[in-house]
Amino acid sequence: MPEGVFVAIVGPSGAGKDTLLKAAAEALSHRPDIIFVRRVITRTSDGVSEDHDTLTPQAFEAARTAGLFCLSWRAHGLLYGLPHSALDAVRRGDAVVANVSRTVLVDAVQTFGRLAVVEITADPEALVERIAARGRESEEDARERVARSVTLRVPPTACNYVQINNSGPMEIARERLVRSLVSMSL
């Protein structure tokens, strides 16, 4: 049976993870072996940020209790989950890509077995500008969020780690992400 891989996309808020994931998914739409996971979040979809499925916190907890998620976590006052189809795809031998919290990488190894990590970063000022531009937080709140950013600890069992700085033109970071995902899917 082929060996699949879970590719955890991680990085601070405002690094442009969702933008890069959307662009990479479009560029790799011809690759059925590279699957981009649609997350479940306890935030209403706004049509601007990541396209996701929405559940109320109560419905999310009921779904988690029922075992509908292969991986779930809490961050920034919200609940996030990945559907079991992600685990099924890794078991089939696919490369499965999802934006996850840096705090769940150990859980991801335990869940998926084979883990690769792509860290998307950006300069602190770019992070603050992007977070504030969303309109959900003030510039002061954005600065506080950037200042309390979690340090990345890549599990020693990760099969691959790539860092991509997304401070410059998005096209450059997108191409690096696409190349990385293709090489991780082999």
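This is a predicted model: local features need pLDDT of at least 70, side-chain atom pairs count only at pLDDT 80 or more; totals for chains, interfaces and linings use all residues.
A residue counts as buried when its relative accessible area is under 20%, as exposed when over 50%, and as partly exposed in between.

Start with the cysteines. Cys 70 has 11% relative accessibility, so Cys 70 is buried. Cys 159 has 39% relative accessibility, which makes Cys 159 partly exposed. Are the two sulfurs close or too far for a bond? The closest cysteine sulfur to that of Cys 70 lies in Cys 159, 17 Å away. Seen from Cys 159, the closest cysteine sulfur is the one in Cys 70, again at 17 Å. A disulfide needs the two sulfur atoms within 2.5 Å. The sulfurs of Cys 70 and Cys 159 are therefore too far apart for a bond. The structure holds zero disulfides.

Now look at the loop between strand E5 (69-75) and strand E6 (78-83), where His 76 sits. Its backbone stands out: phi of His 76 is near 55°, a positive value in a residue other than glycine. His 76 is partly exposed, at 48% relative accessibility.

Next comes helix H5, residues 124-133. Which of its residues are buried? They are Ala 126, Leu 127, Val 128 and Ile 131. An α-helix has 3.6 residues a turn, so residues three or four places apart point the same way. The cover over the buried residues of H5 includes helix H6 (139-147). Just after H5, Gly 135 has a positive phi of about 85°.

How do H5 and H6 meet? Their axes come within 8 Å and cross at roughly 135°. H5 and H6 are therefore oblique to each other. The crossing of H5 past H6 is right-handed. On the H5 side, the contact is made by Pro 124, Glu 125, Leu 127, Val 128, Ile 131 and Ala 132. On the H6 side, it is made by Glu 139, Ala 142, Arg 143, Arg 145 and Val 146. Sorted by type, the residues of this contact of H5 with H6 are seven nonpolar, no polar and four charged.

Ser 167 lies in the loop between strand E9 (160-165) and H7. At 27% relative accessibility, Ser 167 is partly exposed. The C-alpha atom of Ser 167 is separated by 9.2 Å from that of Pro 124, although the two residues are 43 apart along the chain. Which residues does Ser 167 touch, leaving out those up to four places away in sequence? The answer is Thr 121, Ala 122, Asp 123 and Arg 130.

Helix H7 (residues 170-184) pairs with helix H1 (residues 17-27): the axes come within 9 Å and cross at roughly 60°. H1 and H7 are therefore oblique to each other. H1 passes H7 in a right-handed crossing. H1 contributes Thr 19, Leu 20, Leu 21, Ala 23, Ala 24 and Ala 27 to the contact. H7 contributes Met 170, Ala 173, Arg 174, Leu 177, Val 178 and Leu 181. By type, the contact of H1 with H7 divides into ten nonpolar residues, one polar and one charged.

Notes: Residues are numbered from 1 along each chain as its sequence is written. Side-chain values use heavy atoms; hydrogens and water are left out. Buried means under 20% relative accessible area, exposed over 50%, partly exposed in between (1.4 Å probe, protein chains only). Axes are lines fitted to C-alpha atoms, for helices over the stretch in contact, and angles run from 0 to 180 degrees between N-to-C directions. Helices (H or I, at least four residues) and strands (E, at least two) are DSSP runs, numbered from the N terminus. Angles under 35 degrees count as roughly parallel, over 145 as roughly antiparallel, 65 to 115 as roughly perpendicular and the rest as oblique. A crossing is left-handed if the near helix is turned anticlockwise from the far one by less than a right angle, and right-handed if clockwise. Contact means heavy atoms within 4.5 Å. Ala, Val, Leu, Ile, Met, Phe, Trp, Tyr, Cys and Pro count as nonpolar, Asp, Glu, Lys and Arg as charged, and the others, Gly among them, as polar.
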